[in-house]
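Student: Could you walk me through this one? I'd like to learn how to read its features.

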Amino acid sequence: MVAALDEWRLQKTSGFIMKFFSAVALCTVLAIFCLVLAPLGSELTNALKWSYLTGVPSDLGRTGGVGPVVKSTLVLLIMSIFMTVVLGLPVAIRLAESTNIFLRSMVDILAGTPSIVFGLLGHALFVQFMELGYSLLSGALTLTCMMLPYFVRVAEDALREVPRRFRLVSASLGLSSHRYFFRVVLPLVKQALLTGIILSWMRAAAETAALLFTAGYSLRSIQGLGILESGRPLSVHIFELSMNIANADDMAFRGAALLLMISFAFLILLRLPGAILKGKSLLTDGLVDKGKVPNEQ
Amino acid sequence: MWATYLYKASLWLAPALVASFVAFGFGFVFFESLPFLRSVDWSGTLSVKWFPSDESYGLIALMSGTVFVVVCALVISLPIAFGAAIELAFFVHGPLRSACLGAVGWFAGVPAVVVGLFGLVYVVPALGNWFGQGFGLAAASIVLLMILVPPTVLQLTETLQAETEGPLLAARSLGLSQARAVWKVVLPAKTFALAQSAMLAASRGVAETLAILMVAGNVVNLPVSFFESFRTINATIALEMPYALDVHRSSLFFLGLLTFVLVWLLRWMSGAFKKRPGLS
């Protein structure tokens, strides 16, 4: 009897220790999260002022706005998302339809490459060989290479969810393959594709090192679209302000707050239709449970 | 119909483009590193002196910088990540769990620049006040911890929950408490999954460039103390690329290939851990 009581006490204690340790670990993670975001929160109101967003940087960025930076970031964003989707969808279709070891290993190689190697790759291939120079175009092409594996992964999973019989039925009804894709498949996988775009954008927004060697870091105002001109995306701007320019820390934090706000807004905006129409949650997405996470992987 | 032709054409054109990006990209990186590979004195690489202006290309200091920082970061981040993942997978339920997962998920998306900035402005001065110099292995490990923990927690939470519902319910129905069931039934079967995520975290650590660069001090040095400046392979590439010439430049491309090989080695090792398909 006494032995059983001791055993029960031992179980209780060890159970408590384990739960305590795990809880502490979780709280540590959340505490770190709050700790990192706190300084940014204070700069948040500054970051969202119109004068900051569209103004011209002066004094190497210590004062003034980040207009050209925002423009470069947006141009890069739009170009790279466009290219990722255009290149990634066919690749995903190919991978979903048939096992293609060569293609899959190509995408896997892209997925596993460290970002700085992408910088070297982009530099050697786009800046030098294709003679695009330090430009937003080479930056966008490099970002596309980086974003592609994430988008393809999500898109392929989504495409695999489409039942095979849809293909057979549409073929028997005389639907050509491109009609089948755009009219039958696409409406079904739209939400997942948007999620894929968000995911790959979060990867791209965090990218600094690779863009340093491909898009350059010019701070001039860009005329027109300036695809072939060097520009400075927001992440590079934050980096420059914090490392290479003295006394620019609060501006760096302001830029960081802006970057986080853009990512967050993008995230929520693209999930808004789903949340309103279907009651899906606005903050968490199925991705969290599927373990497809952005960032250096 | 031209639309169908366009569709069908893109179905082979896009993969061809992607494959050519990969092939040409890596081909050019390799090609750019050839001058270095041809002219380097290989015995000279086994030294601590990385001074390209003196034609000395010692790799030991750089490699040990990378290895040390990843090891230190893993030592502090793996317990936290494992603990948090276990907590989220088995002990927290409902809306609180979704909220935590959402927070961790969003934190995983925070750019490395921002984490590095935080480290530069807060961690480094704090360490400097307590220990003398702020830049160094300690600061870099802390920053790397902040980068490695969220993705590891997310991935591990998902992995820990895969195929454990059955055995867990069985253990609970036999009278074990949740903690006991997790510790004795679920975790022993998931040791491979834990090892795998540790390897993946290590590969992420080796691949990380910017955040470490911002807090490490960047002096070519063998990191023997926690508060001495040091440098990693990736940081060397990022810092010296803007002004490197000729052989120096191609040595940086070689370093890029080196880090690529290291990352892939770790990823391969994590894949090799995927032996058992489920619980025993």
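Student: What is the volume of the second largest cavity?

Tutor: Keep in mind that this is a predicted model. The second largest cavity comes out at about 70 Å³. Thirteen is the count to remember for the lining: of those 13 residues, Thr73(A), Trp201(A), Ala204(A), Ala205(A) and Pro233(A) are the closest to the centre.

Student: Which elements give two or more residues to that lining?

Tutor: Three stretches of chain A: helix H3 (67-97), helix H8 (177-205) and helix H10 (234-243). Sorted by class, the lining has 10 nonpolar residues, two polar ones and one charged one.

Student: And how many cavities of 30 Å³ or more does the structure hold?

Tutor: Four.

Student: Back to H8(A). How do I read a helix's span, and what does H8(A) span between its end C-alpha atoms?

Tutor: Start from the ideal. If 29 residues formed a straight helix, at 1.5 Å a residue they would span 42 Å, but H8(A) spans only 35 Å.

Student: Where does H8(A) bend?

Tutor: Look at Leu186(A), where the bend is about 60°. Within four residues after it there is a proline, Pro187(A).

Student: Next, backbone angles. Which value does phi take at Glu163(B)?

Tutor: Phi there is near 65°, which is positive in a residue other than glycine. You'll find Glu163(B) in the loop that connects helix H5 (137-161) with helix H6 (165-173) of chain B.

Student: Is Glu163(B) buried or exposed?

Tutor: Exposed, because its relative accessible area is 53% and the cut-off for exposed is over 50%.

Student: What about Asn218(B), buried or exposed?

Tutor: Asn218(B) also has a positive phi, near 60°, and is not glycine either. Its place is the loop between helix H9 (210-216) and helix H10 (233-240) of chain B. Here the relative accessible area is 17%, so Asn218(B) counts as buried, the limit being under 20%.

Student: Last topic: cysteines. How many disulfides does a search of the whole structure find?

Tutor: First the idea: a disulfide is a covalent bond that joins the sulfur atoms of two cysteines. Over all chains, the search finds zero. Take Cys100(B), which is in no disulfide: the nearest cysteine sulfur belongs to Cys27(A) and is 8.1 Å away, while the cut-off for a pair is within 2.5 Å.

Student: Is Cys100(B) buried or exposed?

Tutor: Buried, with a relative accessible area of 8%. Cys72(B) counts as buried too, at 18% relative accessibility.

Key. Residues are numbered from 1 along each chain as its sequence is written. Chains are lettered from A and ligands numbered from 1 in the order in which they are written. This is a predicted model: local features need pLDDT of at least 70, side-chain atom pairs count only at pLDDT 80 or more; totals for chains, interfaces and linings use all residues. Side-chain values use heavy atoms; hydrogens and water are left out. On a 1 Å grid over the protein atoms alone, a cavity is a set of points where a 1.4 Å probe fits but cannot get out, and a pocket is an open set with protein on both sides within 12 Å along at least five of seven lines; lining residues have an atom within 4 Å of a point. Grid points are joined across faces, edges and corners, and a volume is the space filled by probe spheres set on the points. Ala, Val, Leu, Ile, Met, Phe, Trp, Tyr, Cys and Pro count as nonpolar, Asp, Glu, Lys and Arg as charged, and the others, Gly among them, as polar. The expected span of a helix is 1.5 Å times one less than its number of residues. The bend at a residue is the angle between axes fitted to the seven residues ending there and the seven starting there. Buried means under 20% relative accessible area, exposed over 50%, partly exposed in between (1.4 Å probe, protein chains only).
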